[in-house]
Amino acid sequence: MHMASYDATAAAPEMVPVFQPTVWGDFFINYDPEPLQMSDEGMIDRSNELKEKITGLFEGSSIVEQLNLVDTLQHLSIDHHFHEQILSTLRSTHAGEFNSSSIHDVALRFRLLRQQGLWVSPDVFSKFKDEDGTFHANIANDPRGLLSLYNASYLFTHGETELEDNILFARQHLESMEGKLDYTLAEQVRRALHLPLPRTLKRVEALHYISEYKEEPMHNSSILEFAKLDFNLLQRLHLKELKALSRWWKNLYREVGLNYSRDRVVECYLWSYTAYYEQEYTRARIILAKIIAIIIMTDDTYDVRATLVECRQLNEAIQRWDESAVSLLPEYLQKFYLKLMSTFKEFEDELKPDEKYRVSFSTKAFQILSSNYLQEAEWFHQNYKPRFNDQVNVSSMCSGGPWVCVGLLVGMGDTVTKEALEWALGCTDAVRACAEVTRFMNDLASFKRGKNKNDVASSVECYISEHGVPSEVAIAKIGSLIEDAWKTTNQARFELPELLPAVQRVANITISMPFMYDDKTDAFTFSSRLEGTIKRLFVNPIEL
């Protein structure tokens, strides 16, 4: 998604590609997976047997056992099969008293409820503290409790300084225990200190946990077997989708001839998959992946190829959104523009009659994105460095995040309402936060890598320039703004209960950003870093 401006010569009629070629080529078009140990039918039948068994585990167990079960199912990324049971468990524990003396249990309940949009006060941790606000001494020697406290506290909202203090306390003690923990717990601590659980890509974490869960003293073999079968069955589906999408992209890329643009369809699919991996979202996943591919092509056209005059022409055509507007465009953009319109028409054809209106929201979001791309181009060509707030307002839209947040709703089922689309298009709270996390993490990656000659001034540079501070101060400021955006995302779950399904999917996109920009590198553009993860998610089955 937008993912920064990269080096190129703005007006060159013939461009040498400035991006690394795709690492995938036709791999997914040609790839046919090996047969697994079981047939698909055998896996489905066995899964259904195990699912019944696991559903029975919710009956007759204590509330703590139920919370641990919910946590396990979420951690293994199979919770979508038990949605009703989980919701019922969480609502009943939210409504009832909870008097556990275990900080692990209290923190686990806090995290599970807050993630589900059910408010819990930070005061639940007070009983583990002395009068001066410091934690009881025994807490510092409980690694499992500390890890639970650490992860839970990252669901903080604005003004919850006690939760920020919890994070510092837990981090300090967990760091001092490194090297003294058993392997499985040590690995979970290591990952959490790098990236706390609420900001972790669920499917990637599930791959880690599937291999670790059998080491848990209380592990359930039916749950583990079900998790492996479900992963492999979903992987078969995702491979079919990737094959179809790769064919679509190959034809489009060849047809429109925009060979200066990043060839990243597999990475577009991965991004879409971070919003929803479940079986019922095939249509939504494909539509969103195509939208992300369109964002990349449009972004690279504005950034890499078009002159300022051509940028203005392209934006005018996109605002008019009519085939007759093709005459405004230079020849090399005419096929692209017509293909844009036909792709949006294909989206409509995929939707039921009462869902077709959703595409108009996507068109409007694209028009907003285009006008912000043009603003960036105007600034660049005038060699103008905007004020920090102005830069952030425009470049957050240019991150592509806001259109993705609208686009992810287009192909979803009945949970999507007109109100949800209006909320997403309005780009407030969680959507704005998603855009800011995308933008700021991208800018930190670009700043670390070094500025390219065609880059418009980034938020980091605008802050340095406006406030006359060294880069370390600007980077720390951007870091604190990223934390503020996470708090806004967490808060949206409580403030917008009727929009919770949409808020959770938007949060998933925000959660994908630390993964894409891990260690301040842009793994989408420099995509060889994603190759191993993509193989683990979509190519290599889990051994049963």
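**Figure 1. Confidence along the chain.** Mean pLDDT for the protein chain is 91, with 93% of its residues at 70 or more; pLDDT is the predictor's confidence in each residue, from 0 to 100. Everything here comes from a predicted model, where local features need pLDDT of at least 70, side-chain atom pairs count only at pLDDT 80 or more, and totals for chains, interfaces and linings use all residues. Residues are numbered from 1 along each chain as its sequence is written, and side-chain values use heavy atoms, with hydrogens and water left out. Watch out for residues 1-17: pLDDT stays under 50 there, and the model has 79 contacts beyond four places in sequence for that stretch (contact means heavy atoms within 4.5 Å). Where pLDDT is low, the predicted coordinates should not be read in detail.

Figure 2. The structure holds 29 salt bridges, each being a side-chain nitrogen of Lys or Arg within 4 Å of a carboxyl oxygen of Asp or Glu. Here Arg46 pairs with Glu49, and their closest N and O atoms are 2.9 Å apart. Both sit in helix α2 (residues 40-56), three residues apart, or about one turn of the helix. Helices are DSSP runs (H or I, at least four residues), as are strands (E, at least two), and they are numbered from the N terminus. Arg46 is partly exposed, at a relative accessible area of 25%. For the labels used throughout, buried means under 20% relative accessible area, exposed over 50%, and partly exposed in between (1.4 Å probe, protein chains only).

Figure 3. Glu164 and Lys487 meet through their side chains in a salt bridge, 3.0 Å from N to O. That pair links distant parts of the chain: Glu164 belongs to helix α7 (residues 161-177) and Lys487 to helix α21 (residues 471-495), 323 residues apart. Glu164 is partly exposed at 29% relative accessibility, while Lys487 is buried at 9%. Lys487 also lies over the face of Phe156, 5.3 Å from the ring centre. To count as a charge over a ring, NZ of Lys or CZ of Arg must be within 6 Å of the ring centre and within 35 degrees of the ring normal. Elsewhere, Arg114 lies over the face of Trp119, at 4.2 Å from the ring centre.

Figure 4. Glu355 and Arg358 form a salt bridge with their closest N and O atoms 3.9 Å apart. Glu355 is buried, with a relative accessible area of 3%, and Arg358 is buried too, with a relative accessible area of 3%. In a separate network, salt bridges that share partners join Arg46, Glu49 and Glu225.

**Figure 5. Aromatic pairs.** Searching the whole structure turns up 28 aromatic pairs. Rings of Phe, Tyr and Trp (its six-membered ring) pair if their centres lie within 6.5 Å; planes under 30 degrees apart count as stacked, over 60 as edge-to-face and the rest as tilted. Tyr150 and Tyr154 have ring centres 5.2 Å apart and planes at 70 degrees, so they are edge-to-face. Both of these tyrosines, Tyr150 and Tyr154, are buried. Trp321 and Tyr337 also make an edge-to-face pair, with centres 6.2 Å apart and planes at 80 degrees. Trp321 is in the loop between α13 (308-320) and α14 (331-350) and Tyr337 is in helix α14, so the pair ties together parts 16 residues apart in sequence. Trp321 and Tyr337 are both buried.

**Figure 6. Trp403 in the nonpolar core.** A nonpolar core is a set of buried Ala, Val, Leu, Ile, Met, Phe, Trp, Tyr and Cys residues joined through side-chain atoms within 4.5 Å. The largest one has 184 residues, and Trp403 and Trp423 touch the most other members. Helix α10 (residues 221-256) supplies the largest share of this core, 16 residues. Setting aside neighbours within four places in sequence, Trp403 is in contact with residues including Ile291, Phe344, Ser362 and Phe366.

**Figure 7. Ile318 in helix α13.** Ile318 sits in helix α13 and is buried at 0% relative accessibility. Beyond its neighbours within four places in sequence, Ile318 is in contact with Tyr302, Tyr337, Phe366, Gln367 and Ser370.
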